[in-house]
Amino acid sequence: MPEEDSKNSLKKFGKKIVEQTKKGKNPEIKLPLRNLSNIIYDKKSRTLTLGNKEGTRNFFNVAHAKKFLQTIEVASLIKKELLNTGKHEHLRGVFYMTKRTIPGTNVNLVDEQVESDKAIEDLEVITGLSREQLHVSANKMGSMVGNIIIKDTGDTIDCSKLGRGGYSIPSITDELSFSKVNADYILYMEKAAIFERLNEDKFWKKNNCILVTSQGQTTRGIRRLLQRLYEEKKLPIYVMTDFDAWGFYIYSVIKYGSIALAHASEKLTIPGVKFLGITADDIEKYDLKKHLIKLNDQDIKRIKQVVDYDWFKDNKDWQRQLKMMKQMNAKAEIQALSSKGISFISEEYLPEKIKKKDFLD
Amino acid sequence: MTEKIKAIELAKKQREISISEFFTKNRHLLGFDNPRKALLTTVKEAVDNSLDACEEMNVLPEVIVKIEQTSEERFRISVEDNGPGIVKQQIPNIFAKLLYGSKFHSLKQSRGQQGIGISASVMYSQLTTGKPTRIISKISPKKPANYYELHIDTKKNEPEIVIDKEMDWNKDHGTKIELELEGIYQKGKQGVEEYLKQTAIINPHLHLIYHSPENTKIEYPRAVDNLPVEPKEIKPHPYGVELGMLINMMKESKSRNISSFLSTDFSRVSPNLAKELCNKAGISDKTHPSKVSREEADKLLKVIRETKIISPPTNCLSPIGEELMLKGLKKEINADFYAAVTRPPSVYRGNPFLVEAAIAYGGDLPKEDLVRVLRFANRVPLLYQQSACASTRSIIQTSWNNYGLSQSKGALPSGPVLILVHVASVWVPFTSESKEAIAHYPEIIKEMKLALQECGRKVSSYIRKTVKAREQKEKISLFEKYIPELAAALSDLSDEKKSVIEEDLKKILKKGMKNLLAEIAETKEEK
């Protein structure tokens, strides 16, 4: 029973703290720092991993007490309410399970979902268990269409027969199995609107590929799904995002991993993905200058951050892209391609880029 | 023809306005607008006079104020001091002749300025009750006291002596005034008691005893045994003189020529400067002052304003001082923290002045209200027209939010705070003759704000410290509340007994209290 392993890990964690209290020590939790200062970009494996820097969280420390309590309480709730009963709960649900006022104070144990989310991430790092193993799921935010048949908890789903919406990717994709896959590549895009456009144009049928999207940042479930398709079915993956620092970062998360989930990189990153567009060169080549949007302060700040990330720093191509973006002082959405005609993207832009292998790495 | 007749008609109506009529019509100018204020003004004028008299003679003042209700709207007020007393011949003039006094022509920091105060009270008493004012005054233990009962001849503005006799008075020297008037006795912020309390704060060398109409005796003890430094009298500075005053001064001058008039009757005018001023104004410096025409005087004034003249001497001012302000406040106001600031002297329109401010925080002061403001001019409390006063404006214009007090825009700050502002000057500019609010001279407001800001800085560091201490306590108590929660969660997680974990945690907290407090201090500093 996988639940038993998870339960035991949590119990072990609890016992360790109780040992400390028995010895009269200020209870502490040691955990690797999960911020940029402790993120190592491993050039060999091309993934982000956590470094050795550890933080100590003490219960009897005003700055830590509440976080300490949050972590322990979330752990005990997961053990008692989810693992013991075999049920799953959503991140939002965990937040509501935790949300209450501590008796005799006007302090809420958690005020925002970010806090319970962080506690769950802490537990992943502490116990080595994944969120999925803790029976916690996230929002379903992505869709998939194409010549692929999936088995999901006993159901067989043919992703070529799901109309305009496509297959709604669950937040946990570890247990899916692929019955049949007939595609040359996967096209992943940041924007659901473009996904709908391409699906309507039956782009996947004409080009024999699989289309995947999520709204904004790529969820863990989608990243895991993409990784599995890449590794198990050897499908190349091309990523399409907006031409801005946020879009570039979305690509880098799929490829190298993210700062917040560096501890789970192994199961999520896909070093072989390629960036299809939109690039600064596309803007020149396809004459999109009229549809640019001026950079705002946040965009400029984000460019500065991204330029300095280790996994962008040594990459001449990306440094050039970001430099050109700054010089243009502008960004562009994928939808800007529609200005060339409603099906320009599916009939000209994508086929041409893929044929010429006009990608960034 | 007809016009002449009209003039005759008019002439029949034209007559000298009697002083009493003038008084009745303009009583608001002098602080007698209503029965409440009349009572307070009378006490105030009498006490001011007593204090000035004592200080002039270098006697530590001991003042007894007594108010008795004689009928529903009538009160008998008596004020007794241990001052130098008044020579017999002067008594009727001082008390029963309006606009008689020694202070009007001098430039010296003193409480009274116009010499209108006490005789106005005598007039008011006479108008409302018809009763004479009684004066006892004694100037030496070797001489008997003089007793007078006085009226004012309201047509001639002359004293009318009802009784004049010698009597025994078991006091070495001093003066006592007793008069009866129509009034209303008021408690609260604009009442006699508040006025006396503030007087005691700002005059820590005063021993004051007050018998109220309710038959209670309140004693305001003396906090210091030395008198304030006696302010020096100075001559007016040329920048502070106006045309009418200049012409009057020239008429009354004993100097034989205009140049010596300028250098002897004004401060900071040397004989050379006097000659220069005359030359520039085109007046021969040999001209007799009384022969200078109005036009020439006007020209002279213009020249004075255009010429750079050094500021008047400021040693004529007698501040209360930071230490004494604190002593005065501490004995009358129960607070947790006090701070006081005395600014260096400054000058407005040729008049030297200086500003002092003090602040009290916490203790018995109400937490939610707007701050209490005590305003003083030359050691006299100002109880009316707070919103019209320069000190109020200065307080409002200071950003108290920076100093840890809450303040809405355009309002006084709020919190358990008392703010004291004192202006000392040879000539305090009031907004009206009733001397209730200080005029808004930019120079004065600037000095007030500087003094207030310094008080603000002092109080803010205190507030920060107390707030910090309170927060620390709260945080520790927070741990106590967290312990059962943590114990319950840990028990679920580890299957160990909740009560055991809870007891262990409590022990750790108890043991580590000191270190925790230090930790809190550290985390605070980092932020």
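The buried residues of helix H5 in chain B of this predicted model are Gly117(B), Ile118(B), Ser119(B), Ala120(B), Ser121(B), Val122(B), Met123(B), Tyr124(B), Ser125(B), Gln126(B), Thr128(B) and Thr129(B). Here buried means under 20% relative accessible area, exposed means over 50%, and partly exposed lies in between (1.4 Å probe, protein chains only). Helices (H or I, at least four residues) and strands (E, at least two) are DSSP runs, numbered from the N terminus. H5(B) is thus mostly covered, with 12 of its 13 residues buried. Gly130(B), with a positive phi near 75 degrees, follows H5(B).

Within this helix sits Gln126(B), which counts as buried at 16% relative accessibility. Its side chain is joined to that of His151(B) by a polar contact of 3.5 Å. A polar contact is a pair of N or O atoms within 3.5 Å; within protein, one must be able to donate a hydrogen and the other to accept it, and residues adjacent in sequence count only if both atoms are side-chain atoms. Not counting residues up to four places away in sequence, Gln126(B) touches Lys131(B), His151(B), Ile152(B) and Thr154(B), where contact means heavy atoms within 4.5 Å.

Looking at chain B as a whole, the secondary structure comes to 14 helices and 16 strands. Of its 527 residues, 52% count as buried. Among contacts in chain B with a separation of 6 or more, 70% are between residues 24 or more positions apart. The chain exposes about 25700 Å², of which carbon and sulfur atoms supply 49%; accessible areas come from the Shrake-Rupley method with a 1.4 Å probe, and for residues only the protein chains shown count as cover.

Next come the nonpolar cores. A nonpolar core is a set of buried Ala, Val, Leu, Ile, Met, Phe, Trp, Tyr and Cys residues joined through side-chain atoms within 4.5 Å. The largest has 78 residues, and those with the most contacts inside it are Met144(A), Leu187(A), Leu211(A), Met240(A), Trp311(A) and Tyr349(A). Helix H8 of chain A (residues 245-256) gives the largest share of this core, eight residues. At least three residues come from each of domain 1 (2-137) and domain 2 (182-355) of chain A, with bounds taken from an automatic or database domain assignment. A second, separate core of 45 residues includes Phe23(B), Leu40(B), Met123(B) and Tyr195(B).

In chain A, Arg34(A) is placed in the loop between strand E1 (28-32) and strand E2 (39-42). Arg34(A) is buried, with a relative accessible area of 16%, and a polar contact of 2.8 Å joins its side chain to that of Glu121(A). Leaving out residues up to four places away in sequence, those that Arg34(A) touches include Leu50(A), Asp122(A), Ile259(A) and His263(A). Asp155(A), by contrast, lies in strand E9 (residues 155-158) and counts as partly exposed at 48% relative accessibility.

Residues are numbered from 1 along each chain as its sequence is written, while chains are lettered from A and ligands numbered from 1 in the order in which they are written. In this predicted model, local features need pLDDT of at least 70, side-chain atom pairs count only at pLDDT 80 or more, and totals for chains, interfaces and linings use all residues, while side-chain values use heavy atoms, with hydrogens and water left out.
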